[in-house]
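Keep the viewer open while you read.

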Amino acid sequence: MRISRRHFLSTAAAGLATPALIGTAFAAEGGNMLPIPDLLDLRGGAKAALDAQAGQTAILSGRMSASAGYNQGFLGPVIRMNRGETARLTLGNRLHEPVSVHWHGMHIEGGQDGGPHTLVNPDEPVEAALDVDQPAATLWYHSHVHERTGAHVWYGLAGMVMVDDPDAPDDGLPSTYGVDDLPLVVQDRVFDRAGQLLYAPQGPTRMMGYRGDQILVNGAIRPVASVPGGLVRLRILNGSNARIYHFGFADGRSFHQIGTDGGLLPAPLQMNGLTLAPAERAEIVVDFSDGQGVALLSAPDTNMMMGGMMGGMMGGAMASPEPVADGGVFEVMRFSVGAPGADTKTTLPARITAATLPVARDLANLPRRRFSLDMMPGGGGMMSMMRGGGHAMAINGDSMDMAVINQQFRQGQAEIWEVSAEMMAHPFHIHGTSFEVLSNSGSVAGFERTGWKDVVLVSGTAELLVQFNRTADSAAPYMYHCHILEHEDLGMMGQFTVT
Ligand code: C2O
Ligand code: CU
Ligand code: CU
């Protein structure tokens, strides 16, 4: 199959460039129907409860695992909101430790953002009112408690958000939820011998991010979605702690990307390979009108320190899914194709209503700030890193401190952020806004390809055009951080106010 090289970081592409994979048997645990999350529809002023709770979930067949979720045992509903409305929720917590509900990608005030300063304590429900004012987009929510985010998300405290814009309906795009508009929350997990979800980062899996050898979509291992024989929109969220996916279809078919983190692109973009780093989203449209079922595959994640040498030196191997093709290519899920429905679309519009944001573009005169993502702040951490002990990570030399505001911004002031990454690629995320990637690793990103982003995979240096139109004070500041959750929990995060 052919995968466009442009979308691959390095050697990952080589893996997918293998003959088509047809008729491969399901590996032992896969093949159940894709679960379609319940819709928690807040449009039109509906109010709802969102309760963090413990669960017992049969992710591996016949074996129950302790898990966590919002309103359910593992993961949470898809929460749908309208631009121009206030989305109201009562946030509850029936677990035995504080959680939060961070609205990843939402342009809302710091006090609404659900970061590590706005916890939901057990049995102390909190009223949330989110002023939704941003383009239609696929976002997500997850717990964001300092030093616990990795564990919380791993066990299931995450779900998808769909923002609709009633004034800019995306007519012509598939949009029937659960039929031709599917949420796909892609995550990797590890289970212990008893079938329990296992979260135990240490040594290399702590340094490089914790990865799993089983791939889950919406909480099911390598499921099958049955789709109508026409155009189907997939809203893909990489909800993994650390794994980067390089997606492609087993028969090499191309598809169109229509949206990125912050909303829709100006025009559908044809491709046959898509890289998604942790927390990134992509909306793609796939044409199933040939009636042929197909597997969605991924090339392996090659984002390791010193090309993986560190893992060997520290005596631990990264978990990786069982390959189904050369180069470690593994299966994510499958699609089986039925008859087209009455509403099934067959042609994509040439132009779509692109997400637009009011951001000053006087690039030559904008202030610049630098952020360096440090895996070994101070430089002398190699020995402590080898031991896998209490090693801190940092940004600009400072490890996350809940009591320190690292940066201050003026509301409405555009800036260019130069973010540089050390030793590995890091998915850099900013709260409270979407940004434009001006360049990444020396090449011009091209807005028509990247759209509005809130996470960007940085390897080398990236220049981001950033502007905050909402405010955040020191009681509930915004965060910027690496979205490899083990890096975030180790302190590769900073806090900022916008006033
Ligand atoms: Cu999705 Cu601060 O994170
Ligand atoms: Cu966020
Ligand atoms: Cu990182």
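This is a predicted model: local features need pLDDT of at least 70, side-chain atom pairs count only at pLDDT 80 or more; totals for chains, interfaces and linings use all residues.

**Notes for a first look**

1. As a reminder, strands of a sheet pair through backbone hydrogen bonds, either parallel or antiparallel.

2. Next, the metal. Which residues coordinate the copper ion (ligand 2)? They are His102 and His429, each through NE2, at 1.9 Å. Histidine 102 belongs to strand β6 (residues 102–104) and histidine 429 to strand β26 (residues 426–430), so this pair ties together parts that are 327 residues apart in sequence. Are histidine 102 and histidine 429 buried or exposed? Both are buried.

3. Aromatic rings deserve a look too, as the structure holds 26 aromatic pairs. One of them joins phenylalanine 249 and phenylalanine 335. This pair is tilted, with 6.2 Å centre to centre and 55° between the planes. Phenylalanine 249 is in strand β15 (residues 245–249) and phenylalanine 335 in strand β21 (residues 330–338), so parts that are 86 residues apart in sequence are tied together by the pair. Both phenylalanine 249 and phenylalanine 335 are buried.

4. Another tilted pair is made by tryptophan 417 and phenylalanine 468, at 6.0 Å centre to centre and with 50° between the planes. Tryptophan 417 lies in strand β25 (residues 414–421), while phenylalanine 468 lies in the loop between β30 (461–467) and β31 (478–482), so the pair ties together parts that are 51 residues apart in sequence. Tryptophan 417 and phenylalanine 468 are buried.

5. Tryptophan 417 and phenylalanine 468 also belong to a cluster linked by ring pairs. Among its other members are Phe371, Phe409, Phe428 and Phe496, along with Tyr478 and Tyr480.

6. Finally, a charge over a ring. What sits over the ring of tryptophan 154? The charged end of arginine 189 does, 4.6 Å from the ring's centre.

Key: Residues are numbered from 1 along each chain as its sequence is written. Chains are lettered from A and ligands numbered from 1 in the order in which they are written. Side-chain values use heavy atoms; hydrogens and water are left out. Donors are N, O and S atoms within 2.8 Å of the metal (3.2 Å for Na, K and Ca); water is not among the atoms, so sites may look incomplete. Helices (H or I, at least four residues) and strands (E, at least two) are DSSP runs, numbered from the N terminus. Buried means under 20% relative accessible area, exposed over 50%, partly exposed in between (1.4 Å probe, protein chains only). Rings of Phe, Tyr and Trp (its six-membered ring) pair if their centres lie within 6.5 Å; planes under 30 degrees apart count as stacked, over 60 as edge-to-face and the rest as tilted. A charge sits over a ring if NZ of Lys or CZ of Arg is within 6 Å of the ring centre and within 35 degrees of the ring normal.
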